[in-house]
Amino acid sequence: MSLSMHAASVQTFDTMLRALGNVIAKAKAQCEAKKIDPEAMTGARLYPDMFPFWRQVCLASDFAKGAASRLAGVETPSYEDKERNFEELTQRIEKTREFIKSIAADKFADASKRPITLKIGGQDVTMSGDAYLLNVATPNFYFHVTTAYDILRHNGVEVGKRDFLGRT
């Protein structure tokens with residue numbers, strides 16, 4: 001049995017977005033329990049030149065919905081990137097999960113060969129769907145999910161590897 005492009009994208013992104021939503025819930029609960037201003041978490045960064053937590057979540061969402069829609073050959077929905085608090089970020093994650101899961105698996109039938117064109121460094125770059133998924137979308141998605149997790153962990157949210165993997 002071979003791995004389908006649908007499973008490699010939608011199912012993987014959905015699992016990790018669900019886990020990210022659970023990590024956000026733990027961060028919210030910890031802020032409430034310890035009387036921490038939630039904006040201290042949602043605005044936190046690992047380093048001054050990096051995006052804050054809220055932006056990392058938005059970018060993870062963008063890579064998931066962008067990859068799924070490009071691979072399936074459907075229009076990518078545009079979100080405003082205005083989410084700043086835990087509730088809004090959780091809603092964005094759920095909206096993204098609903099969107100990617102709404103794309104029928106049969107739309108991914110030719111996804112590995114489908115040409116994907118992106119602007120990279122101001123230039124149009126075209127690659128096959130499998131190269132895009134493996135070399136662009138998935139690494140970027142995981143970078144932003146991991147960075148969001150790391151920001152919360154760095155700020156004392158009690159999460160571990162099982163939370164990151166969605167096994168709690």
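## Cysteines

Cysteine 31 counts as buried in this predicted model, its relative accessibility being 3%. Cysteine 58 is likewise buried, with a relative accessible area of 0%. A disulfide is a covalent bond between the sulfur atoms of two cysteines, and the count of such bonds here comes to 0 disulfides. Cysteine 31 takes part in none, since the nearest cysteine sulfur, that of cysteine 58, is 17 Å away.

Helix H1 covers residues 5-34, and its 30 residues reach 43 Å from the first C-alpha to the last, which is close to the 44 Å expected at 1.5 Å a residue. Just after H1, lysine 35 takes a positive phi of about 55 degrees.

In soluble globular proteins, nonpolar side chains tend to be buried together. The largest nonpolar core of this model has 48 residues, of which Ile24, Phe53, Val57, Phe108, Tyr132 and Phe141 touch the most other members. At least two residues of this core are supplied by each of H1, H3, helix H4 (86-102), strand E1 (115-120) and H5, and the largest share, 11 residues, comes from H1. Phenylalanine 53, leaving out residues up to four places away in sequence, touches Ile24, Met41, Thr42, Ala44, Phe86, Leu89, Ala148, Ile151 and Leu152.

Threonine 42, one of the residues touched by phenylalanine 53, lies in helix H2, which comprises residues 38-42. Threonine 42 is buried, with a relative accessible area of 3%, and, residues up to four places away in sequence not being counted, it touches Pro52, Phe53, Trp54, Arg84, Asn85, Phe86 and Leu89.

Serine 69 belongs to helix H3, residues 53-72, and is buried with a relative accessible area of 0%. Apart from neighbours within four places in sequence, serine 69 is in contact with Val74, Glu75, Thr76, Phe99 and Ile103.

## Aromatic rings and charged ends

The structure holds 3 aromatic pairs. One of them is formed by tyrosine 149 and phenylalanine 164, whose arrangement is edge-to-face, with 5.4 Å from centre to centre and 75 degrees between the planes. This pair links distant parts of the chain, given that tyrosine 149 is in helix H5 (residues 129-154) and phenylalanine 164 in helix H6 (residues 161-165), 15 residues apart. Tyrosine 149 is buried, at a relative accessible area of 12%, and phenylalanine 164 is buried as well, at 18%; both values fall under the 20% that sets the limit for a buried residue. Elsewhere, Phe13, Phe141 and Tyr142 form one aromatic cluster, and Phe141 is also among the members of the largest nonpolar core that touch the most others.

Charged ends also sit over rings in two places described here. That of arginine 84 sits over the ring of tryptophan 54, 3.4 Å from its centre, and both of these residues are among those that threonine 42 touches. The charged end of lysine 95 sits over the ring of tyrosine 79, where the distance to the ring centre is 4.0 Å.

Terms used:
Residues numbered from 1 in each chain as written. Predicted model: local features only at pLDDT ≥ 70, side-chain atom pairs only at ≥ 80, totals over all residues. Heavy atoms only, no water. Helix = DSSP H or I, 4+ residues; strand = E, 2+ residues; numbered from the N terminus. Buried < 20%, exposed > 50% of the residue type's maximum accessible area, 1.4 Å probe, protein only. Contact = heavy atoms within 4.5 Å. Expected span 1.5 Å × (residues − 1). Disulfide = S-S within 2.5 Å. Phe/Tyr/Trp six-rings, centres within 6.5 Å; stacked < 30°, edge-to-face > 60°. Lys NZ or Arg CZ within 6 Å of the ring centre and 35° of its normal. Core = buried A, V, L, I, M, F, W, Y, C linked by side-chain atoms within 4.5 Å.
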